[in-house]
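This report describes one chain, moving from single residues to the whole. Please look at the sequence and the structure before reading on.

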Amino acid sequence: MKFFIDTADIDEIKDLASTGLVDGVTTNPTLIMKSGRDFKQTIQEICKIVEGDISAEVVATDYAGMIEEAKLLRKIAKNVVIKLPLTRDGLKACKTITDEGTKVNVTLCFSAGQAILAAKAGASYISPFVGRLDDISTDGMQLIKDICQIYKQYPNLRTEVLVASIRHPIHVIEAAKIGAHVCTMPPKILKQLFDHPLTDKGLRDFLADWEKTKQSIL
C-alpha cells in the first residue's frame, strides 16, 4: 500500500517525507485555504519535496474550465496529478486529460457505481471518502470493499483505489486488509501509526537496563 499525506503544509510534508514513508501528496481547495499560501507556488514546492504523485485540484465545475485549468496545472511539474470532481463534466474531462497522457485523481466518490464510471473514464485514482460516509452513519469501509471487489473482476482496469477522508489509524489498517492501493491521510494520522504504549514502555525498560550496565556503544 502507498501512503499519501493529505495536506498543503510544507513543513509537515518535509518532516514526513524525510522518513521515506511518503509516496505522494493530495491537496484540495480547503487545504490550500488553511495553508494561507499561493496555490501554484505551494504545489510547485510540494512537487520538489516528494517525487511521487501530487494531486492538484481544479476549481472549475464545467468541462471547458476544467480542461483549461488542467493545462496550467500540469505545467507546474511532471508529477502533478489533476484532481477532478466526480460529476458528468468531471468524468468527461477525465477522459480527455487521461487520453492526453496526464494522470487524473477523481475525487468525492461516495458509491461503487460512481467508481465504475471513473474507471471507465480512465482515472488513475478513485478517491472514496470513508470518513464522510461514517459521519452520516454509513459504513465507509464497506464502500472500499465493494470498489476493490469490482475492480478485481476486470484486470484491464488501471484505476487505483485511493482511500480518502481518513479519520483514524484503524481506517488505514482496514483499507490495507481489504487491499486498497493507496491511503491518503492527514499528517497526524500517519504519526499516530508510529505510536503504541507497549513500544514506549519497552524502550524505556531497555534504556533503564542499559544504564545499569555502565557501558557505552561509542
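Where in the chain is the place of K214? K214 lies in the segment after α11 (197-213), where helices are DSSP runs of H or I with at least four residues, strands are runs of E with at least two, and both are numbered from the N terminus. The model is a predicted one, in which local features need pLDDT of at least 70 and side-chain atom pairs count only at pLDDT 80 or more, while totals for chains, interfaces and linings use all residues. Residues are numbered from 1 along each chain as its sequence is written, and side-chain values use heavy atoms, with hydrogens and water left out.

For relative accessible area, buried means under 20%, exposed over 50%, and partly exposed in between, with a 1.4 Å probe and protein chains only.

T7, by contrast, counts as buried, because its relative accessibility is 8%. T7 is located in the loop between β1 (2-6) and α1 (10-17), and, leaving aside residues up to four places away in sequence, T7 touches I13, V25, T26, T27, L31, I46 and P187, a contact being heavy atoms within 4.5 Å.

On the surface, I170, I173 and L193 form a nonpolar patch that together has about 240 Å² of accessible area. Accessible areas come from the Shrake-Rupley method with a 1.4 Å probe, and for residues only the protein chains shown count as cover. L193 belongs to helix α10 (residues 187-194) and is partly exposed, with a relative accessible area of 30%.

Taken as a whole, the chain has eleven helices and eight strands, and its C-alpha trace spans about 70 × 40 × 30 Å along its principal axes. Of its 218 residues, 45% are buried. The accessible surface of the chain comes to about 11,900 Å², and carbon and sulfur atoms account for 54% of that surface.

How values were computed. Patches are made of residues with over 30% relative accessible area and no salt bridge: like charges are joined within 9 Å, nonpolar side chains (Val, Leu, Ile, Met, Phe, Trp, Tyr) within 5 Å. A salt bridge is a side-chain nitrogen of Lys or Arg within 4 Å of a carboxyl oxygen of Asp or Glu.
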